[in-house]
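Take a look at the chain below. Let us walk through its fold step by step.

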Amino acid sequence: MGIEAWESMNIFRSYSPGLLMPQAFASPQFFCIDKGLKSKYNPLYVYFPGKIPREVFMPNNILDLIRARRSTRVFQDRAVLRQDLETLLEAAVWAPSGGNNQSWLFTAIQNKDILLKLNELVRQGFQTYIPDDDYPGKQQVKIHSQREGFNFYYHAPVLIIASNKPNYENAMADCSLALENIFLTAESLGLGSCYVNQLHWLQNDPGLRDFLFTLGIPREHRICNSAVIGYTVKPSPVPARKENTVRIVE
Ligand SMILES: Cc1cc2nc3c(=O)[nH]c(=O)nc-3n(C[C@H](O)[C@H](O)[C@H](O)COP(=O)(O)O)c2cc1C
């Protein structure tokens, strides 16, 4: 590969770290990437030798990706590649943040023993947890937590906990935007994902906080949300879109 191709590749990497066409890097066919399209939506083309230049950053592709993402709750017992995990975390930290705070922390856990210990603490935490609002999900999970085989992370091989500094009103918004980046990137890498709220609900549980502290999550951090990631077993149902939820005012 000539120097030009390398430079082009670095341009591509800096724009989209494996996000759009990870297979391009794996392919020996990979030849050259160029920049220079006019539209802000189309900053890049990927060139394959002997083929017509292929657009990879079209708005329709992004919409397809957004529509294809589903919450996955059944996972294969297969680890996520380290490279893919790093790509997910990179997608997270490229999310927008209020005032460019970037005060978040994403803690990815792949260790099965740690995940099981966390599950036990969540199960215990729900025994004394009193839901503080009418959100039915909280009541359901409390009931589920008393059942045999309860697993709040759906036995996924990866759990990513998003936490943020206290006394920062955009903490949740920033982490949620980062999580959506993770979900969409996961979809682009052929991985399933799901938002899980249990650690957020139990964030004031002292035993859980002690354990999270041992994983490097500061005690004062708000636990905003978490994502589970892994290989899907079967497609998830597609919930229909509700009507009358958008308006265009001209
Ligand atoms: C704020 C928020 C909290 C959620 N909490 C959970 C959760 O604790 N457990 C879970 O299985 N799914 C959770 N979900 C996923 C939703 O149930 C899911 O997005 C919804 O049913 C629509 O399905 P879809 O993601 O496949 O479009 C949550 C989603 C959001 C946005």
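What follows goes from the whole chain to its sheet, then to the ligand.

This is a predicted model. The chain holds nine helices and seven strands. It has 250 residues, and 27% of them are buried. Now consider the contacts in the chain with a separation of 6 or more. Residues 24 or more positions apart account for 75% of these.

Next comes the sheet. Strands of a sheet pair through backbone hydrogen bonds, and the pairing is either parallel or antiparallel. Here, four strands form an open sheet in the order β4-β5-β7-β6, and the pairing is antiparallel. Which strands stand at the edges? They are β4, residues 105–109, and β6, residues 192–196. Each has a single partner strand, so one side of each is left without a neighbour in the sheet. From one strand to the next, the twist averages 20°.

Now cross the sheet strand by strand. Start at β4. Five bridges pair β4 with β5, residues 158–164, in the antiparallel sense. Here Ile109 stands opposite Leu159 in β5. Two helices pack on the sheet. Helix α4, residues 82–93, touches β4, β5 and β7. Its direction makes about 160° with that of β4. Helix α7, residues 171–188, touches β4, β5, β6 and β7. The direction of α7 makes about 5° with that of β7.

Move on from β5 to β7. These two strands run antiparallel and are joined by seven bridges. Is β7 mostly covered or mostly open? It is mostly covered, with eight of its nine residues buried.

Val228 returns here: in β7, Val228 is the bridge partner of Cys194.

Cys194 is one of the residues around the ligand. What classes of residue make up the shell? Four are nonpolar, four are polar and two are charged.

Note on methods: Residues are numbered from 1 along each chain as its sequence is written. This is a predicted model: local features need pLDDT of at least 70, side-chain atom pairs count only at pLDDT 80 or more; totals for chains, interfaces and linings use all residues. Two strands pair if DSSP finds at least two bridges between them. Axes are lines fitted to C-alpha atoms, for helices over the stretch in contact, and angles run from 0 to 180 degrees between N-to-C directions. Two residues are in contact if their C-beta atoms, placed from the backbone, lie within 7 Å. A residue is near a molecule or strand if its C-beta atom, placed from the backbone, lies within 6 Å of it. Ala, Val, Leu, Ile, Met, Phe, Trp, Tyr, Cys and Pro count as nonpolar, Asp, Glu, Lys and Arg as charged, and the others, Gly among them, as polar. A residue is buried if 20 or more other C-beta atoms lie within 10 Å of its own, exposed if 12 or fewer, and partly exposed in between; C-beta atoms are placed from the backbone.
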